[in-house]
Amino acid sequence: MKKIKEITTRLEIAKKKIKNLKKNNSESNAASLGKALKISTELVAAVVVGSTIGYLFDNWFDTKPLLTICFFFMGVAAGILNVFRSAKKMHKKI
Amino acid sequence: MQQFEVYKIGPEINLGGINLSFTNSSLFMIISSGLILLLLFFGTKKKSLVPSKIQLITEMSYTFVAKMINDTAGSSAKTFFPFIFTLFMFVLFSNMVGMLPYSFTVTSHIIVTFVLAAFVFVGVTVLGFVKHGIKYLELFVPKGVPIVLLPLIIIIEIISYLSRPVSLSVRLFANMMAGHTMLKVFGGFVISLGLLGGWLPLGFSVALTGLEILVAFLQAYVFAILTCIYLNDALNLHH
């Protein structure tokens with residue numbers, strides 16, 4: 001009888017430990033680091049894509065610096081929008 | 001740098017003006033695909049109730065990807081499991097094989113990662129149009145925007161959509177390239193500081209190797225999870 005009691009208490013302690021581990025994992029696991037890396041490139045990529053589109057249009061319509069500048073700022077806006085959206089998605093999950 | 005150089009192995013093959021020679025990059029792609037095949041073959045060979053180590057790894061990677069798809073893209077994306085599993089395992093194994101000394105990191109070249117990302121991008125776009133028809137373009141028109149602002153918003157949304165493959169490929173490429181360059185730089189410090197001061201950068205390089213292994217796994221995970229998110233956008237419009 002004593003042995004069974006001992007085993008049950010030990011089981012409970014082990015279960016608690018697993019629970020705590022899971023809690024810690026969900027807060028600071030590798031996934032959050034992945035999210036951080038994800039957001040930083042999203043901002044840059046949109047700016048690059050916007051500027052490239054502007055540059056291509058400039059070559060096409062012969063309006064050298066004008067469209068590049070316009071599309072650069074639109075790219076910045078798109079980048080911020082991207083970051084804002086992924087931040088919102090993260091917030092929803094928490 | 002020498003570790004990023006691509007060189008021919010065997011004869012030069014030219015098909016219609018396109019250079020199709022077998023390079024060290026192709027060799028390491030074949031090695032990583034072969035390793036995946038070996039792992040899955042031996043992992044599923046003996047289906048015992050109490051799994052062996054190799055079977056455990058196989059089953060864990062299966063459930064890991066299945067859970068990821070279920071959490072981010074919903075159950076309707078289950079049909080794309082083979083694609084995402086292949087993508088995840090290929091990126092993971094190319095990154096990990098690249099961590100071995102004297103090997104070549106396939107994913108440290110932007111053209112490789114860009115082709116992977118472009119496949120995802122084109123596939124998701126085609127899927128969206130097949131599933132929703134012309135209504136898929138509603139993705140670019142957010143709800144509740146005044147008509148005056150609409151042209152500007154649509155351009156911004158299109159740029160944001162087009163930036164997906166760029167960010168997806170640049171992230172993987174930049175992380176792998178930067179990590180390997182950093183290891184090389186610290187390795188160079190060890191040599192130049194000599195026996196007296198070289199111990200500190202040596203310790204750093206050991207720590208950075210650990211970090212690199214984490215990054216190698218993480219980037220594969222991020223690549224796969226973003227594919228799932230894009231799939232979710234294409235499958236369930238207006239979530």
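Tutor: Let us begin with a term: a residue is called buried when its relative accessible area is under 20%, exposed when that area is over 50%, and partly exposed in between. Please keep in mind that this is a predicted model.

Student: Which residues of H1(B) are buried?

Tutor: In H1(B), the buried residues are B:Asn24, B:Ser25, B:Ser26, B:Phe28, B:Ser32, B:Ile36, B:Leu39 and B:Gly43. These buried residues pack against two other helices of chain B, namely helix H2 (53–73) and helix H3 (81–98).

Student: How do you know that the span of helix H1 of chain B agrees with what it should be?

Tutor: Helix H1 of chain B covers residues 24–43, which is 20 residues, and at 1.5 Å a residue these should span 28 Å; because the C-alpha atoms at its ends are 28 Å apart, the two values agree. At the start of H1(B), moreover, a side-chain oxygen of B:Thr23 comes to within 3.3 Å of the backbone nitrogen of B:Ser25. The cut-off for a polar contact is 3.5 Å between N or O atoms.

Student: Why is B:Phe42 called partly exposed?

Tutor: B:Phe42 is found in helix H1 of chain B, and its relative accessibility is 41%.

Student: What makes the nonpolar surface patch, and which element gives the largest share of it?

Tutor: The patch, of about 940 Å², is made by B:Tyr7, B:Ile9, B:Phe22, B:Leu27, B:Ile30, B:Ile31, B:Leu35, B:Leu38, B:Phe41, B:Phe42 and B:Ile54. Its largest share, seven residues, comes from H1(B).

Student: How many helices and strands does chain B have, and how much of chain B counts as buried?

Tutor: Chain B has six helices and two strands, which follow one another along the sequence in the pattern β-β-α-α-α-α-α-α. Of its 239 residues, 42% count as buried, while the chain exposes about 13,200 Å², with carbon and sulfur atoms supplying 76% of that area.

Student: Why is B:Ser160 called buried, and what does B:Ser160 touch?

Tutor: B:Ser160 lies in helix H5 of chain B, residues 150–197. Its relative accessibility is 6%, and because buried means under 20%, B:Ser160 counts as buried. Leaving aside residues up to four places away in sequence, B:Ser160 touches A:Ala78, A:Asn82 and A:Arg85.

Student: What is chain A made of?

Tutor: Chain A has three helices and zero strands, so that its pattern along the sequence reads α-α-α. Of the 94 residues of chain A, 23% count as buried, and its accessible surface comes to about 7,400 Å², of which 70% belongs to carbon and sulfur atoms.

Student: Why is A:Val76 called partly exposed?

Tutor: A:Val76 has its place in helix H3 of chain A, residues 64–93. Its relative accessible area is 26%, which is between the cut-offs of 20% and 50%, and therefore A:Val76 is partly exposed. From C-alpha to C-alpha, A:Val76 and A:Gly50 are 7.7 Å apart in space, although they are 26 residues apart in sequence.

How values were computed:
Residues are numbered from 1 along each chain as its sequence is written. Chains are lettered from A and ligands numbered from 1 in the order in which they are written. This is a predicted model: local features need pLDDT of at least 70, side-chain atom pairs count only at pLDDT 80 or more; totals for chains, interfaces and linings use all residues. Side-chain values use heavy atoms; hydrogens and water are left out. Helices (H or I, at least four residues) and strands (E, at least two) are DSSP runs, numbered from the N terminus. The expected span of a helix is 1.5 Å times one less than its number of residues. Buried means under 20% relative accessible area, exposed over 50%, partly exposed in between (1.4 Å probe, protein chains only). Contact means heavy atoms within 4.5 Å. A polar contact is a pair of N or O atoms within 3.5 Å; within protein, one must be able to donate a hydrogen and the other to accept it, and residues adjacent in sequence count only if both atoms are side-chain atoms. Patches are made of residues with over 30% relative accessible area and no salt bridge: like charges are joined within 9 Å, nonpolar side chains (Val, Leu, Ile, Met, Phe, Trp, Tyr) within 5 Å. Accessible areas come from the Shrake-Rupley method with a 1.4 Å probe; for residues, only the protein chains shown count as cover. A salt bridge is a side-chain nitrogen of Lys or Arg within 4 Å of a carboxyl oxygen of Asp or Glu.
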